[in-house]
Amino acid sequence: MAMGRRFSRDPRVPQIRINHRIRVPEVRVVLEDGENLGVLSTDEALRIAQQRGQDLVEINPKASPPVCKILDFGKYKYEEKKRAAEAKRKQTVVEVKEIKLRPKTDDHDLEVKIRAARRFLETGNKVKITCRFRGREITHPERAQMQLDAIVAKCEDLANLEQRATMEGRTMAVLIAPKPQILQKLAQERAQRERERELRGEPPVSQTVQEPLDDELDDDDDDDDDDDDE
């Protein structure tokens with residue numbers, strides 16, 4: 001039993017009191033297997049913990065009297081850290097993918113970008129669609145608005161509109177996000193894959209996958225020479 005255990009002094013982390021740091025006169029004691037020993041003096045609870053080679057750990061300081069559990073504190077902290085890491089690994093990671101247009105993007109290329117937007121949404125990513133103006137193109141924002149509206153409409157079965165079309169400098173942008181049922185389906189599929197990997201004895205894999213944009217999705221090429229076209 002580690003009666004002389006050192007503690008973290010990070011003020012941002014709630015401190016768990018164990019052993020002689022528990023200074024109330026009596027506590028309600030629970031064993032590691034869940035058996036309730038009832039209300040005991042703190043000295044008696046410490047004696048029992050020491051006899052078992054374990055620690056007395058305060059798990060509910062707000063109860064009256066506080067609730068303490070007799071367990072191996074080192075093992076407890078290790079298991080807590082493992083559970084936190086597992087929860088973080090399994091959480092849904094939503095990235096923002098960007099698809100770029102120009103007001104002159106033709107219908108064929110627009111269809112390519114619609115397919116790309118749908119693919120990103122189906123894999124759980126948000127999609128930011130931007131249309132960049134050059135030269136006098138900015139005097140006709142209605143063309144860009146029509147393009148953005150067309151993409152949003154073609155994705156409405158998969159996505160919710162998170163941010164309406166707004167101007168950002170010389171760019172008009174809209175943001176769409178996958179619907180909750182899409183994210184739920186992906187989470188279920190990930191959980192199933194993880195269960196299958198565990199059954200095969202394989203290590204878990206990271207849930208974050210970087211998916212670069214295809215070159216064909218970027219219409220904002222640098223070789224345009226029409227910036228000053230009338």
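Student: Is the crossing of α3 and α4 left-handed or right-handed?

Tutor: A crossing is left-handed if the near helix is turned anticlockwise from the far one by less than a right angle, and right-handed if clockwise. Helices (H or I, at least four residues) and strands (E, at least two) are DSSP runs, numbered from the N terminus. Here the crossing of α3 and α4 is right-handed. The model is predicted: local features need pLDDT of at least 70, side-chain atom pairs count only at pLDDT 80 or more, and totals for chains, interfaces and linings use all residues. Residues are numbered from 1 along each chain as its sequence is written, and side-chain values use heavy atoms, without hydrogens and water.

Student: At roughly what angle do the axes of α3 and α4 cross?

Tutor: Axes are lines fitted to C-alpha atoms, for helices over the stretch in contact, with angles from 0 to 180 degrees between N-to-C directions. The axes of α3 (residues 107–122) and α4 (residues 141–154) cross at roughly 45° and come within 10 Å. The two helices are therefore oblique to each other (under 35 degrees is roughly parallel, over 145 roughly antiparallel, 65 to 115 roughly perpendicular, the rest oblique).

Student: Which residues in α3 meet α4?

Tutor: Contact means heavy atoms within 4.5 Å. L110, E111, I114, A117 and R118 in α3 meet Q147, A150, I151 and K154 in α4.

Student: In what order do the strands form the sheet?

Tutor: Two strands pair if DSSP finds at least two bridges between them. In this model, 4 strands form an open sheet, ordered β2-β1-β4-β3, with mixed pairing. The edge strands, each pairing on one side only, are β2 (36–41) and β3 (55–60).
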